[in-house]
Amino acid sequence: MGFAEMTFDNARDAAQFLETMEDDDAFETSWASLRAHFADDDLIWQEKPRRLIRRRLFDEAIALIDARDFGDITNRDRQVLKADLLFWARAHERAGKIFDDLIALSTDDQDVRLIYAKRLMQEGKLVKCRRLLEPVEDAFPSGTQACRFSEHTRALMAILTAREGRPLQESEDARILAMKHAIRHFRDRTLRPAGTLGLGKIALLTGGLGAGGAERQISRLAVELEKARLSGQPVSGMKVTGKVELIVRAADKGHGKDFFLPFIKENGISVQEIRHLEPVSAKSTGVTEPELLALLSYLPASVTFGVERLTPYLIEQKFDIVSAWQDGACLFSALAALIAGVPHIQLVIRDLPPTMRRHFFRPDYEVLYRAMAEIPGVRFLSNSKAAADAYSKWVDVPHDQFGILYNGVEPMPALGDRDATAMWEEFRRRTSDATRTIGGVFRFETGKQPHVWIRFAARYIRSHPGTRFIIVGGGSLLDQCRTLASELGVSERILFTDRSSCVGYWMSKMDIMVHLSRHEGLPNVLIEAQYMGLRVVATPAGGTAECIMDGVTGRVLPTCEEPDLEQAVAYVDEFLDQPAEDGLFAPGSPAAQFLDTNFSVARMLGNFATFCADKGAPVMQNPLADGKNISVL
């Protein structure tokens, strides 16, 4: 039934109708009509900012809230509504100021204190929540929701204070403390045998299957492990005896999280999306210990997401190994795997710590990793020595708890599809005077510093006008970089391919690759470029130096931030002015041996299997590890 055919006796029914509407245009029409019909009632009006908040359009919601007149501080109910909406729109300080002013105006107002306390509780501010409740909680009638809430907060405060052995601070996020002590509950856990006849049942877990390096590696690993299982071929002397499964938070096309999904499905790998799993309570998973149940009721949202949805699935499937890749996946899966009793848990880091990538920073991570390091059966893996070293220092986890699992990379086919070949032929004709082609393959995102790459191209072409450039990749900064190239007068010399499935084809058109990232784990693209016979010039981001034979297959610039572009030009000239020696990357050459020994898919598969078997991987002296002992296989 459409809106025009409906009538409402009261604003509450009308507001509920608006809340259920899915189509945004229909909502706008109905919202405007109902506001007029009900004299701009607050119940109707608030559905618009609430809708924006649900869509995470917080700035738009705040602007709408600020444009409305809620009266002065004496108008209690409307001020509570404003504060509540601001809180959900993430304007916590502004919301808190209104709540504090209301309480100062009427110190014994139980309802305002209770609403504010609940919001503080959701923000992790348990200490201030308790301070608000204590003056009025004795007046809450026994058995009421208010009374139960107050008792719950009191119990949590007692548990966390006792386990911390100190008074909690008002600024602390008590949800993170609850996570820490929920994890530490398992410090003395007894491990059930894992894969007694082989590697057992393996779950590879990450956030999505988008077009990233970690997603590519985990997808390739899943396929290779499943091939080994089906063929019965041992991996490092062990058979893959259980079915391999990929578990992801989401793999929806609308958010670009499904890039590798076709590849996974083509190879018969089962994919489970956590978002589709039904959430259940911790008690339903078999947890009975009262204090642990209390801690599990008060976790960061991402951790709660995993505990409620993933735990029962892990219990049902009885995985022997859960290998969680990337910080976000570690956060939502580690505690779930502990509750489920998974005997072997891998936390696989793929980049430098979030403290070095501020837009990825969350205070939960440090607490998570420190706590997980105390648990039997937990192993840290990294795809570079540089990342392992940085994480070890950051979370104060001993080096011998980190294993290095270098990326497994295959030479790519140099074939192009119809669109790629047509694009290249048109660009080649347009730049027919070019005597050299410099390429880059990266996402147009902040950490890859695409603007710096465009400036490098402009710098290089000043002294080498007969040069063309190819950049393969897409991303949020692509349009900005096109504009910058135009402003610098080099847009006609740069081919922006956007995202492409023919990366090998594009590399075959390059004479050298330049990579100017600020942040990396172990850059697959540099290994792939060398497999394609390309020498590379790159910043020292993450493990870059570990995948280049300096002076032979590439050169590493001194810094990541504000790279020396003149030095980059000089390094490119060093290689292009002197042709590569014959057979530089030929089979059996030092460069080929370097790549195959460290970065082949077979090597990665064997190393992973050895870590999974938990044979006590030998601590070897990594020649790149500056004397620190990190397990390198």
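The following legends describe close-up views of a predicted model.

Residues are numbered from 1 along each chain as its sequence is written, and side-chain values use heavy atoms, with hydrogens and water left out.

**View A. Packing of helix H11 against helix H17.** Helix H11 (residues 174–184) packs on helix H17 (residues 363–372) at an angle of about 15°, and the two axes are 9 Å apart. Helices (H or I, at least four residues) and strands (E, at least two) are DSSP runs, numbered from the N terminus. Axes are lines fitted to C-alpha atoms, for helices over the stretch in contact, and angles run from 0 to 180 degrees between N-to-C directions. H11 and H17 are therefore roughly parallel (angles under 35 degrees count as roughly parallel, over 145 as roughly antiparallel, 65 to 115 as roughly perpendicular and the rest as oblique). The crossing of H11 past H17 is right-handed, a term for a near helix turned clockwise from the far one by less than a right angle, anticlockwise being left-handed. From H11, Ile 176, Met 179, Lys 180, Ile 183 and Arg 184 meet Pro 363, Asp 364, Val 367, Leu 368, Ala 371 and Met 372 of H17; contact means heavy atoms within 4.5 Å. The residues of this contact comprise 8 nonpolar, no polar and 3 charged. Ala, Val, Leu, Ile, Met, Phe, Trp, Tyr, Cys and Pro count as nonpolar, Asp, Glu, Lys and Arg as charged, and the others, Gly among them, as polar.

**View B. Helix H26 and its contact with helix H12.** The axes of helix H12 (residues 213–231) and helix H26 (residues 601–613) come within 10 Å and cross at roughly 75°. That angle makes H12 roughly perpendicular to H26. H12 contributes Gln 217, Arg 220, Leu 221, Glu 224 and Leu 225 to the contact, and H26 contributes Val 601, Met 604, Leu 605 and Phe 608. By class, the contact has 6 nonpolar, 1 polar and 2 charged residues. The end C-alpha atoms of H26 are 18 Å apart, in agreement with the 18 Å that its 13 residues should span at 1.5 Å a residue; the expected span is 1.5 Å times one less than the number of residues. Because 10 of its 13 residues are buried, H26 is largely enclosed by the rest of the structure. Buried means under 20% relative accessible area, exposed over 50%, and partly exposed in between (1.4 Å probe, protein chains only). The buried residues of H26 include Gly 606, Asn 607, Ala 609, Thr 610, Phe 611 and Cys 612.

View C. Helix H6 (residues 76–88) has 13 residues and reaches 19 Å from its first C-alpha to its last, close to the 18 Å expected. Its buried residues are Gln 79, Val 80, Leu 81, Lys 82, Ala 83, Asp 84, Leu 85, Leu 86 and Phe 87. Their cover includes helix H3 (42–45), H4, H5, helix H7 (92–105) and helix H8 (110–123). H6 is followed by Arg 90, whose phi is positive, near 75°. In the loop between H5 and H6 lies Ile 73, which is partly exposed at a relative accessible area of 28%. Ile 73 and Asp 101 are 28 residues apart in sequence, with their C-alpha atoms 7.4 Å apart in space. Neighbours within four places in sequence aside, Ile 73 is in contact with Gln 79, Ile 98, Asp 101, Leu 102 and Leu 105.

View D. Arg 56 occupies the loop between helix H4 (47–54) and helix H5 (58–66). Its phi is near 65°, a positive value in a residue other than glycine, and Arg 56 is exposed at 54% relative accessibility. Asp 396 is placed in the loop between helix H18 (385–395) and strand E7 (402–404). The phi of Asp 396 is near 55°, also positive, and this residue is exposed, with a relative accessible area of 61%.

View E. Gln 272 belongs to strand E3 (residues 270–273) and counts as buried at 18% relative accessibility. Gln 272 and Glu 245 are separated by 27 residues in sequence and by 7.7 Å in space, C-alpha to C-alpha. Apart from neighbours within four places in sequence, the contacts of Gln 272 are Glu 245, Leu 246, Ile 247, Val 248, Leu 277 and Tyr 313.

Methods:
This is a predicted model: local features need pLDDT of at least 70, side-chain atom pairs count only at pLDDT 80 or more; totals for chains, interfaces and linings use all residues.
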